[in-house]
Amino acid sequence: MKPLVEVSHLTLAVGRAGREIVRDVSLSIAPGEFVGIVGESGSGKTQAARAIMGLTPPPLVRTAGSIAFEGEELTTASAARLRELRGARIGMVFQEPMTSLNPSMTIGRQLDEALALHRPQLKQSQRLVLAMLARVGIADPQGALAAWPHEYSGGMRQRIMLASVMLLEPALLIADEPTTALDAVIQRDVLDLMVSLTRERNTAVLLISHDLPMVARYTDRVIVMQHGVVVEAGPTAQLLAAPQQEYTRKLLEAIPRRHASRTLAGDAPVVAVRKLVFEYPAKRKLFGKSEPKRVLHGIDLEIRPREVVAVVGGSGSGKTTLGRAIAGLLQPTSGDILFRGRSTTRGAEGWQDYRLNCQMVFQDPYSSLNPRMTIGQLVGEGLRLVPGMSNDDKRARTAKMLLEVGLGGNYGERYAHELSGGQRQRVAIARALIRHPSFVIADEPVSALDVTVRAQVLELFAELQDRYGFSCLFISHDLGVVEQVADRVIVMQAGRIIEQGTRDAVFDQPRHAYTRKLLSAIPALTPTDTGGVQLKWRFESPSLLME
């Protein structure tokens, strides 16, 4: 079959020095084929894919190679010709739909805009738009036309983004990390929808991702990139089961795997939550007020010394609100949070002790780190209120903490923007542990990291917990990560705990249908004798999801 896309010996360089970030890359995609590109951050996978659409940023220039689409050479095509092809013949779904959908335009206007630009001959455009919105699972397509992007969840926005791209029936769809910020069930739904839509129209898909289980599940072929070079390529099942290159094996080894269960002493809980309720206050309307929105419905849980308790659930389940309420960042409507048996209500006897012994690691370290402060200042800031500690002692502990998280040397003099995502998350962990707290809340601490950096951060987190002995509430939608780090698992749905138990009990013998649905959404990759992995399913029987 003649390739739809053929990239030959593509090289991209940046800056006057001509530093090559993509070097001698060749790939081809046949009509209807699903191809994945995997690699760490900075491997060049996104820039190589964007070059097909001519979307590389101005400092980045092509120094060699050709890109042919449907037999037409794109490297010599005019800007006007590339605009004709973008959207109409080559579509792209970006990583974060909130930034790729125009917040100042309604959903209807944005969908109509693409049709007016590329399909002006279609007189029944609204009919097509409504049909496509219904096809991607929007419950009220007519109402969506007048709605704004911010009125929808991340999963719904990604469905709308997919609808806007597939409305024009492109021959090639480039999907750049399309489900990174979505929970397991929504991720599966969005990708299943993408496969269904593209199969109906025989659309080829180039999927860019660092999520190897997802790539294993959906792609026909996979291309592995490192430092701008293709190091290995081949049929997905074959390549993952028996990788030939050391780098590919390194990526596969970084996939989270279950560790042996720990035996913890049955001591009194460090933190106990009793009948916790949280409501967002009623909003004022023209006539009266709306009803308060209850997010947490009487939550009870306990966290014991040195224990890692993971909270999982879909988007909107209340898990992040629970973490923020326990951390004292939100004031509960009712209920109590006890630290070592004492109430942590503001003004209570145990409040100050709890505030000093409870720390939080946030999901996005870049937005939670002050860009005007050096790394040393950020980490050392937590020692300001320690009584009797001299400035020399504070500097010494800060330097020791940075060294323990792998940021020794002159990292303390740098700023957050000078570090990679993984390094910034190490700073966030050091900042939380500088006071040697008894309790740490980690809210999606590795969701934005690629597979190898995520493995390094999780290993570091486990080492530090063994060293300092803190208890942890670990909030995540990544069930693979939870399976690796958790001692106990709490499953939340609609603000309630629907199941809890030891990690092995919840993952191997889930009792609730919603828990089984969550677990069925993530494929399991089991090691092979040849240094690779094999795709398997946690629950083979569809009947498990129908109960």
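Which residue in β14 does Val-271 stand opposite? Val-271 stands opposite Phe-339. The model is a predicted one, in which local features need pLDDT of at least 70 and side-chain atom pairs count only at pLDDT 80 or more, while totals for chains, interfaces and linings use all residues. Residues are numbered from 1 along each chain as its sequence is written, and side-chain values use heavy atoms, with hydrogens and water left out.

Strand β11 (residues 271-280) runs antiparallel to strand β14 (residues 334-339), and five bridges join them; strands (E, at least two residues) and helices (H or I, at least four) are DSSP runs numbered from the N terminus, and two strands pair if DSSP finds at least two bridges between them. Strand β14 also pairs in the antiparallel sense with β15 (residues 342-343), over two bridges, with Ser-343 as the bridge partner of Leu-338. Two residues lie between the strands of this hairpin, where Arg-340 takes a positive phi near 50°.

In the loop between α11 (246-253) and β11 lies Ile-255, which counts as buried (under 20% relative accessible area, with exposed over 50% and partly exposed in between, for a 1.4 Å probe and protein chains only), because its relative accessibility is 8%. Not counting residues up to four places away in sequence, Ile-255 touches Leu-212, Val-451 and Leu-525, where contact means heavy atoms within 4.5 Å.

Strand β8 (residues 204-208) is largely enclosed by the rest of the structure, because five of its five residues are buried. Four bridges join β8 to the parallel strand β3 (residues 34-38), and five join β8 to β7 (residues 172-176), also in the parallel sense.
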